[in-house]
Amino acid sequence: MSDATAGGEATAAQGYAVLARCWRQPDEQLRTAIESGALAGVVSERETLDLTALGTEHARLFVGPDSPPCPPYESIYRDGDGDTAGNVLGPSTRAVVDWYDEYGLGLDPEWSDLPDHIATELEFAGHLSAVASRETCEQFLDEHPRQWFETFLDGVRAETREPFYAELADATAAVVR
């Protein structure tokens, strides 16, 4: 493998990791990264970021208390029947866990969310881009993220009140295509 190829794989893995981090609950580390311009390739640089407002929007879009408009789980989008949303932990969740198992990976004990969460699938795509062939990573993207991300990301763009999430949806779509 050439150094250029290895560098490209490392860059892809880092890109997936950054996107995954951005889809998790916003925290001080994310605010610092945005305000410093470290995420300029993902979202617009801002001099200040209201972390409370971003956290509130994250909860409204993805958590609830009621049914959130944009649940970040593959099973919701893939395991339903027609216009009816699927339930979490459906068959597509099992299929993505089989991928993780094949590579000897489990969920991070500090990550309390489900295995088919957008952040987890992006982290795994990053892992694959670092340790597996490009074809294997593409197969995973075809079988999982590309099956539901477009619908999810369109929903985020339509529902969000924070430019951060619209920009993040655009960046995620560009990387996963």
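A: Happy to! This is a predicted model, in which local features need pLDDT of at least 70 and side-chain atom pairs count only at pLDDT 80 or more, while totals for chains, interfaces and linings use all residues. Residues are numbered from 1 along each chain as its sequence is written, and side-chain values use heavy atoms, with hydrogens and water left out.

Let's begin with the charged pairs. A salt bridge here is a side-chain nitrogen of Lys or Arg within 4 Å of a carboxyl oxygen of Asp or Glu, and the count by that rule is 11.

One of them links R94 to D101, with 3.2 Å from N to O. Both ends are partly exposed (buried is under 20% relative accessible area, exposed over 50%, and partly exposed lies in between, using a 1.4 Å probe and protein chains only): D101 has a relative accessible area of 45%, and R94 has 44%.

Another salt bridge joins R146 and E138, at 2.7 Å from N to O. R146 is partly exposed at 26% relative accessibility, and E138 is partly exposed at 26% as well.

The pair R157 and D154 comes together at 2.8 Å, N to O. These two residues sit three apart in helix α8 (residues 145-159), so about one helical turn separates them; helices (H or I, at least four residues) and strands (E, at least two) are DSSP runs, numbered from the N terminus. R157 is partly exposed at 29% relative accessibility, and D154 is partly exposed with a relative accessible area of 41%. Salt bridges with shared partners also tie R94, D98 and D101 into one network.

Now for the nonpolar side. A nonpolar core is a set of buried Ala, Val, Leu, Ile, Met, Phe, Trp, Tyr and Cys residues joined through side-chain atoms within 4.5 Å. The largest one has 43 residues, and the members that touch the most others are W23, L122, F152, F164 and Y165. Helices that each supply at least two residues to this core include α1 (3-23), α5 (91-102), α6 (118-131) and α8. The largest share, seven residues, comes from α9.

Setting aside neighbours within four places in sequence, F152 is in contact (heavy atoms within 4.5 Å) with W23, F62, C70, P71, P72, Y77 and I118. As general background, nonpolar side chains tend to be buried together in soluble globular proteins.
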